[in-house]
Structure formats: structure tokens, C-alpha cells
Amino acid sequence: MLKFLTQIGLYFLLLKKVFSKPEKRVIYYKQTMREFVNLGLTSIGIIAIISFFMGAVITLQTAYNTENPIYPKYLIGLGCRDSMILEFSSTIAALILAGKVGSNIAAEIGTMRVTEQIDALEIMGVNSASYLILPKIIATLLFNPILTLIAIIVGIFGGWMAGTLTGVITSENFIYGIQYAFIPYYITYSLIKTLFFAFIITSVSAFQGYYVDGGSLEVGRASTKAVVYSSVILLLFNVILTQLLLS
Amino acid sequence: MISVKNLNKSFNGVSVLKDISVTFEAGKTNLIIGRSGSGKTVLLKSIVGLHEVDNGEIWFEDTLFNKLDFKERKKIRKEMGMLFQGSALFDSLTVEQNVRFPLDMFTDKSAEEKDERVNFCLQRVNIINANKLFPAELSGGMKKRVAIARAISLNPKYLFCDEPNSGLDPITAILIDELIKELTEEYSMTTIINTHDMNSVMEIGEKIVFISDGVKNWEGNKNEILTSDCESLNDFVFANALAKKLRATDK
């Protein structure tokens, strides 16, 4: 218990260091742009592929579970749309990003710790926590909502492709379904969740990497911990945010 | 000049540095020597503030460094350069970006002035035609030299070197030693070097502090080290068979 509380305390102390005034804004700006590419742009492919197939599977599963003629066919499109917007684009995409981005952040910062690169920054008088972590947080906070929107669009497109190619639904019915009873607030809800998840993934993973003590074995462990802890915290916040935003 | 007074440091209740007092002189290469695990690196990292000491005083000229807060320390840290055991070059940056990093972070020089300084520092450490290479593409000796170039890019008053020769062949090790000594004299820096390499001790040891089990056992220079009465120092200095043979012949 004491160890757990110590870790929580260390996490918030790290955040305090991260959000202190940057030494030179132009350097942080360049670093943030670099992180946009490292953490954001390179994630588009995986998010698009996964969303496409998730949308396809949702459509096919909904179709096979609503074969009764009393259910209108357009419900398949509606189900695909709402599932993608409410849960899959934000939560499932965030879990995938926790694996890809989270392990990347923990490994990168952890390696810098064990090879004394963080010490080198400190010796120069640079706030290493802020320099290394703040650009990553800003980049993911700005880019992950874009990834969520891509996931929604590609997922629904995947659903349409799967539905029309297998013949479980016509194109007209699917398009009617995705337009039917649309609640724009669901998009806002999904984007708010994405922002929280982006912060959790980046800060928890950076925390695991920043306090690595030892060698390559510990870096590997930190990377695993980063994925596990950020995934669990993310799921917990998913419940809390859903209750707060949709109740 | 850097002075350390009654310095104590422990980790998880285990005392690593015990009441160490020593003065490191400006314009000289000051060496901290001792066996592996004797506390050399902890002493060096305590001096630069990477470890917080339990008690004692660390003075940089007339400033009590270990009582300053992060912001106040920053001022002095800008006057420090450090060469780490593994070089600690930033993997994601090229050679020239590594050397340029402190200039970008702490100066308002124009791009041309920075380029000029970077090229000067790299030439000074004999790194030629490697500006665009990444650290992973360099040899051990080149990494050390680039790290020295980065350390001197802001004209530091204090240079700290942690095992500068570790992992280098004897000839490259001597070149690095000579380079550090030359730069120390050129810039009148206070240089502190951690080493257990006796070649370095005999080449550049203007002031030598011997540490054993966290205690300062001996202090002197390279001329005095071979005639010392300190038993633990003699065990360290004459550890290898050749040195023992020479000592016996001498006697």
C-alpha cells in the first residue's frame, strides 16, 4: 500500500515538473512537431486497418443477430455507426495506442535514463521531464482526436463494404441507418474520452520510463508495465467518463 | 575551484561516502581514483547535483551549491560540462545536433554563429566529416570526443568526466586524456575526472584523491603517488604483476 501511494506521489511530482515553464519555446515547438510524426502520423495506418475490420465485423455480427424480419435492415447501419462512435473509435483505439505508443514512450525514455542521457540533460540545466514528456503529451492531445475521427470514418466505411459485398444489407439501407436518429453529442463524448485517454497513455507510460532504474531488463519491464497500467487506468476512466457524460 | 566539506551520502541506509572533504583546483586536472564500487561515481554525481547528499557542503567558488533550489542551480549548471562513462549522446540527434543542443537551449546566437561554434568544437576534438552521422554510427573513441565537444560548447568553467577512458584502447585513451588536459589549460577549467586507469593517473594527474570504501584515504599528485606510505593506495597502484615487479626491483 505504501509503495502504491509512493508511486502515486511520484507520478504527480513528475507531472508538476512536466508542466513547469519551458526553457525555450521554439525548441519545445520543434520537439512537439517531431512527436506529431513519431506518435501521431505513424499510428494512422494501424488505426485505419483495425477500424476498418472492426466496422466490418460489427456490421456482419449485427446482421446475423437481427435476421428477424420485424427488425428494419437499416438498424445494421445504425448499430455500426453508434458502436464505432461510442466505444470502438475511442476506447478500443486507445487500447491499441496504449500498446503501440505507450510501449514506445516507456522504452524511449527508459533507455535515455539507463544510458545517462537524462542525466546529461539535467547537468546542462534542462528540465528533462518537461523537455521529454510535455511535447509528447501535447502531440497526443492534439493528434489522438484526429485518429478517433479517422477511426469512426474508416470503421463505418468498413461496415458498409462488408455489408454490401456480402449482401447482408443494401447500400441505401446502410446509408439510411447511419443517418437515422444521429446524436451529434456522441461525437463530442467520444472526443472527450479520447483526450483523457491520450493524457493517461502518455503520462503513465512516460512515468514508467522516467523512473527506470537498472539496465535493459528493467526497460523491458517498464515498457510492459506502461501498457498494462495505462490500459487498466484507461478502462477505469472509460466507466467513470461514460457515467458522467451520458447519464 | 570546487570545495567539498564533510560530505556524506548513503543509499537505503548503506553509507557510500563518509565525511569526504577535498578541494579541486581551477586550471588543473583533478583525479578521483579508487577501485570499482569505492564511491567515485557517487562522489562525482553528488558534486554535480545528480545525487542529493545526506549532509555536508559543496561549494562552487563562493556559492553553496547543494543548498540552492532547481532554478538557482540552473545558473551554475550552464557553466558545467560533463563527459559520461557511456558518452550519453542523444541517440535521435546527429553529431552536430548534439553539439549544437546546449547552444540552441541556452543562447540567442544566430544560426551562423552556432554553426561556427559547433564546427570549432568538433575540429578542436578532431572530429572531421562526421557532422551528419548519428551516435550509433560512431566508434567508442569518437563518441567520447563528440561528448567532449558538446561539453565545451558553452565554454564551461567546470568539466566533469566519469571514466573517460573506459572501453577504449590504450592509444585512444591517451589521446582522450591529453585532450582533456589541453582543454583544461586552454579554458582554465576546474576539471574533475573519475578513473581507475593508472595510465591516466601518471599522464595527467595534477591533483589526485584516492577513495577507498567511501573514505578519502590519500591526496597528492602523480609524483607523490609512487612513494606514498598509504597501504590501501599502494595495493591499488601496484595491483598488477608488472607494477609489483617494478616496485620490487626499485626497492
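This is a predicted model: local features need pLDDT of at least 70, side-chain atom pairs count only at pLDDT 80 or more; totals for chains, interfaces and linings use all residues.
**A walk through a two-chain model**

Hello everyone, let me begin at a turn: in chain B, strand 9 and strand 10 form a hairpin with two residues between the strands, and Asp213(B) there takes a positive phi near 50°.

Strand 9 covers residues 207-212 of chain B, and strand 10 covers residues 215-220. The two run antiparallel, and five bridges join them. If you want one pair to look for, find Ile208(B): its bridge partner in strand 10 of chain B is Gly220(B).

Which way does strand 3 of chain B run relative to strand 9? These two are parallel, with four bridges joining strand 3, residues 29-33, to strand 9 of chain B. Here Ile208(B) turns up again, as the bridge partner of Leu31(B).

Is Asn30(B) buried or exposed? It is buried, because 23 other C-beta atoms lie within 10 Å, and 20 or more are enough to count. Leaving out residues up to four places away in sequence, Asn30(B) touches Phe24(B), Glu25(B), Thr191(B), Ile192(B), Ile193(B) and Lys207(B). Glu186(B) is 156 residues from Asn30(B) along the chain, and the C-alpha atoms of the two are separated by 15 Å.

Now to another sheet in chain B. This one is open, has four strands in the order 2-1-4-5, and pairs in antiparallel fashion. Which strands stand at its edges? They are strand 2 (14-24) and strand 5 (63-64) of chain B; each has a single partner strand, so one side of each is left without a neighbour in the sheet. The partner of strand 2 of chain B is strand 1, residues 2-11, joined to it antiparallel by seven bridges. To find your place there, look for Ser3(B), which stands opposite Thr23(B) in strand 2 of chain B.

Next, a helix. Helix 4 of chain B runs over residues 111-124, which is 14 residues. From its first C-alpha to its last it reaches 20 Å, close to the 20 Å expected at 1.5 Å a residue. Its buried residues are Arg117(B), Val118(B), Cys121(B) and Leu122(B). These residues cover an arc of only 130° around the axis, which puts them on the same side of helix 4 of chain B. What covers them? Helix 3 (95-106) and helix 5 (140-152) of chain B are included in that cover. Turn to the face that points away from the buried side of helix 4 of chain B, and you find the exposed residues Glu112(B), Glu113(B), Glu116(B) and Gln123(B). After helix 4 of chain B comes Asn126(B), with a positive phi near 60°.

Over to chain A. Here we have nine helices and zero strands. Its C-alpha trace spans about 70 × 40 × 35 Å along its principal axes. Of the 247 residues of chain A, 44% count as buried. Among the contacts in chain A with a separation of 6 or more, 87% come from residues 24 or more positions apart.

Ile178(A) is buried, with 21 other C-beta atoms within 10 Å. Not counting residues up to four places away in sequence, it touches Gly77(A), Leu78(A), Arg81(A) and Ile156(A). The C-alpha atoms of Ile178(A) and Cys80(A) are separated by 7.6 Å, although the two are 98 residues apart along the chain.

How confident is the predictor about chain A? Its pLDDT averages 93, and 100% of the residues score at least 70. In chain A, the mean is lowest in helix 2 (residues 25-40), at 91, and highest in helix 8 (residues 185-210), at 96.

Finally, how do the chains meet? The contact takes 13 residues from chain A and 14 residues from chain B. On the side of chain A that touches chain B, helix 5 (residues 117-124) of chain A gives the most, with six residues. By class, that side of chain A has five nonpolar, three polar and five charged residues.

Definitions and conventions:
Residues are numbered from 1 along each chain as its sequence is written. Chains are lettered from A and ligands numbered from 1 in the order in which they are written. Two residues are in contact if their C-beta atoms, placed from the backbone, lie within 7 Å. Ala, Val, Leu, Ile, Met, Phe, Trp, Tyr, Cys and Pro count as nonpolar, Asp, Glu, Lys and Arg as charged, and the others, Gly among them, as polar. Two strands pair if DSSP finds at least two bridges between them. pLDDT is the predictor's confidence in each residue, from 0 to 100. The expected span of a helix is 1.5 Å times one less than its number of residues. A residue is buried if 20 or more other C-beta atoms lie within 10 Å of its own, exposed if 12 or fewer, and partly exposed in between; C-beta atoms are placed from the backbone. The arc is that of the directions from the helix axis to the C-beta atoms.
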